Amino acid sequence: MSGFQSTQRIDGRRRVVITGLGVVSPAGQEADAFWETLMRGRSAIRPITYFPADTFPVRIAGWIPDFDFPESIYPLDNRYFPDRRTQMAIVAADQAVRDAGLDLESERPDRVGIYLGSGEGSCIDLEALTEIVHRSLADGELSETNFLKHSLDIVAAHQAFKSEAGSSTMYLARRYRTQGPNLNCLTACAAGSQAIGEAFRRIQHGVTDIMISGGTHSMIRPLDIIGFSLLTALSTRNDPEKTSRPFDAGRDGFVLGEGAGILILEELGHALRRGAPIHAELLGYGSTADSYRITDTHPEARGAIEAMRLALQDGNTGPDEIDYVNAHGTSTIENDAMETLAIKQVFGNRAHRIPVSSTKSIIGHLIAAAGAVELIATVLSIRHNQAHPTINYETPDPFCDLDYIPNQARAFPIDKAQSNSFGFGGQNVSLVVGRYGERPSA
Amino acid sequence: MPSRQEVFDKVQNCLVQALGVKPLDVVPEAALVDDLGAESIDFVDIIYRLEKSFDIKIPRGELFPQDLLRNPAYVNAGRLTAVGAEELGKRLDFTAITPIEPGQEVEKVLGKLFTVGLIIDFVLSKCSQAATNC
Amino acid sequence: MTAANFPFQAQQRRVVVTGLGIISSLGLTLDEFWQGLTGGQSGVSRLSNFCADPLPVQIAGEVRNFAPERFMQNRKSIKIMGRHIQLAVAAARNAFQHSGLSPENFQPEKLGVSFGTGTLNAEYQDFKDVLSASLNQGKLDYHIFGRESQQQVFPLWLLKYIPNMAASHVSIMLNARGPSNTITTLCTSSAHAIGEGFWMIRNGQADLMITGGTDAQVTPLGMVKFYRLGLLAEDGAEPSQASRPFDQGHRGMVMGEGAAVLVLEEREHALRRKAAVYAEISGYGAAADTWDPMEPNPDGPSLEIAARHALSDAACREKEVDSLFLAGNGIPFMDCAEARAMRRLFPGAPGPRAAAIKSSLGHTHSASGALASLAAVLSLQRRTLPPTINLQSPIRELEAFRFSSTARSLEAGSVLVNNFSFGGNSACLVFRAHNE
């Protein structure tokens, strides 16, 4: 019996495989459609018409005009009718559970858990706040007393409760009757990857057998766009097809996106016993903090390098085994130069021979959902032995001198790949994923 | 037009608020990064406070030309090119600075170039353009 | 069940608590907090941080006399910290000092942060200028808003509230470069965060974790939100008597705020540097409820599962539990569900000794698990169980449990800490007295 069939690693930890994928993204609302758009290399960024945005500094986003939440799941008049990012999480999770062929009723409910990196919903209802301001001014002045008086009539408390970052996971627990650990982490743009890494640990260490994990977020809202824009994180180029251009010399900020990526993680033995489809094996996870500055990345990419190395070590994988890197690649000047530096430090001379691409070039930055959707893209790369391009790569930047798979998808053998996610505050997460089983030798 | 002293007083207040420093540390020759500990995110805050204090609009990149300093035509391997040094000098024509030598490290240039005095010159030049009372 | 559930303990690393820090309505130091708590004082009083006249409920457990600049070396960071972040950074600083750690006795890559926090709780003051300017015939005019917001909104406001900022500021302050996580699971956030931090050390990903949580929702919008959800106890004559978990007279919760931080450390690491050890953290369990997005299953099955898993993780039998720190927040449907779960876990008579410290502090939401854990650790170290105030006659399910209105001595056993969130999400922790 060859080693790869053992359900335990040498260190005694259990092996974890990915058996289900679900995705709601600007590039497609299930895994195959998502993959096709990525491979075609066509931008999924659109002008914002979700609200009147014409005077906003940013007027484009990777948003999903035709996202439709089936009323059969929750009727619209139910007071717990979920908000947009929870809707997306439910739709993506349904796909993932179906894809994995899971019959959750036959599982021990306390051995199935949920770990999401879900962003918050619209905690601040601008129109309601404006109404409170309006009524207060009509009373003479915008004093604290007037504000409080009118907010008592206007604040929609259930709305606020439903938009808590931690509420999406509770909807999923209800829907799938899971009684295992139910967590949500919100580590800015690293949240989706972090959730998957932590979910992976739970199965490795025997706490659960199955985890429903990933991320969901929708920030295509006036205040969120203003918030990121004021921090000068967003590009104000406003050309839908051309703005997100990771690693290109002309990049000048990221483009917001929305969506959800959900994966079913499963203990290998459990998956084998029920004859589940195995998309890939999750091998390693690393999380670090820069401990440097709140928004600046560390000039020597200290935390990013360490997270990538930890993920490789954790996955018992040598840097020479990685065939493809799905980069965080936000299209900001700082991140892309920093990440390039990190890749070069981790892979040494081989860095220039490892194809690297950024999913954000096509769909924008899904914030808390980004890492999860990008891990799905990485898993699909392994399945197809193909990688999607980094689009809008036109002018090389001397600080970014790797092979970014410019503009055209590429076919090449991919057995092991690494996916990075970095966030405000110096959060760094890296995941290593590999083909399950062995390739037939050449 | 406000007097130089009036501008200084308001600039001092902005920097005390934005950088958490003591008023006495905000002297004309103090450099924002090297002496007063500013990080890139603080420049955003400083501009916001200057705009509010003086009722002026400062487009992104006008006062702190970070875009220019990260442009590969102007910066090579972390050092200013000849074109870059010239362009930077042009952008800062509202103030009297010694000519910027090419070949210097950008981070070092940035660290000492932006002084309290330079901000005051910038505000005075904005006010004269706008011909407002600021 | 233990062996089957937790087969991977290759390194058998034990984890102890070596530092504590708290900012609470009972005081800004460990001693003030402990004296207040064990002395049966209440941190609940009339609101003082803002004028609450129009509100039907005007009491809360507020943190008073908190001056952030006393705790921050990097003073300019204060402007980008919401109040909850300021409280967290202050508590973390105190905990770190309390632990006796210094740059020479730890490796930065092996020091991590795991925090529980709430969601963006921005306040109307952040937007009142721009919204006033954007009014057009009584409605929000997006065209005006799009323009005005670029001038009228503090450009760094988002940083004041992004949930992971507490952990990030702490990581920068303490040179913590190891794993960093921020959990946002409402009232279970910080219990999850402490449990996760504990497992990270046990599994070898870190030697030291700064863990805990923070929340500051005693604000106009926070008060209005919980009032409108119908969860707040209406004012009685005496604010200090309003929070009455498990009492037959419980009518709802009382808002609270605060932050608590525990320094967790791998036991050998702590012993090598001759650190003072306050207790050992020995078990963690978590479980979900499948009932209703807001109300838990009235039988509290999730809490029972979480508690059993935590005890199993700690290899601790039910009868070895000396004392219980109950989640009890005074909301009848929450208290009753918790009580039923605990009754099934401890069916015998007399039941275990129990305390519900929200009676003194109100509900500190995302911070509550950290405040309770810190109180549990102090109880073990000082061999004293704090009282449950305002409990005149316990609800029927808990009649056999041994509450006390005054502090009592505590045996050197194990303590189970419950955390139970709206919607029934549950997390339990087990601490035990540390033996050399």
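The model is predicted: local features need pLDDT of at least 70, side-chain atom pairs count only at pLDDT 80 or more, and totals for chains, interfaces and linings use all residues. Residues are numbered from 1 along each chain as its sequence is written, while chains are lettered from A and ligands numbered from 1 in the order in which they are written.

In chain A, 7 residues of domain 1 and 5 residues of domain 2 make the contact between them; two residues are in contact if their C-beta atoms, placed from the backbone, lie within 7 Å. The domain 1 side of chain A that touches domain 2 holds 3 nonpolar, 2 polar and 2 charged residues. Ala, Val, Leu, Ile, Met, Phe, Trp, Tyr, Cys and Pro count as nonpolar, Asp, Glu, Lys and Arg as charged, and the others, Gly among them, as polar.

**Chain A overall**

Chain A has 13 helices and 14 strands. These are DSSP runs, numbered from the N terminus: helices are H or I with at least four residues, strands E with at least two. The C-alpha trace of chain A spans about 80 × 55 × 40 Å along its principal axes. Of its 442 residues, 65% count as buried, meaning that 20 or more other C-beta atoms, placed from the backbone, lie within 10 Å of the residue's own. Residues 24 or more positions apart account for 79% of the contacts with a separation of 6 or more.

**Chain C against chain A**

This contact takes 79 residues from chain C and 80 residues from chain A. Helix 5 (residues 142-152) of chain C gives the most to the chain C side, with 7 residues. By class, that side has 45 nonpolar, 25 polar and 9 charged residues.

**Strand 9 of chain C**

Strand 9 (residues 257-266) of chain C is largely enclosed by the rest of the structure, because 10 of its 10 residues are buried. Strand 9 pairs in the antiparallel sense with strand 1 (residues 15-23) of chain C over 8 bridges. It also pairs in the antiparallel sense with strand 8 (residues 208-216) of chain C, over 9 bridges. Pairing requires at least two DSSP bridges between the strands. Val261(C) is the bridge partner of Gly21(C), and Glu257(C) stands opposite Ala216(C).

Terms used. A residue is buried if 20 or more other C-beta atoms lie within 10 Å of its own, exposed if 12 or fewer, and partly exposed in between; C-beta atoms are placed from the backbone.
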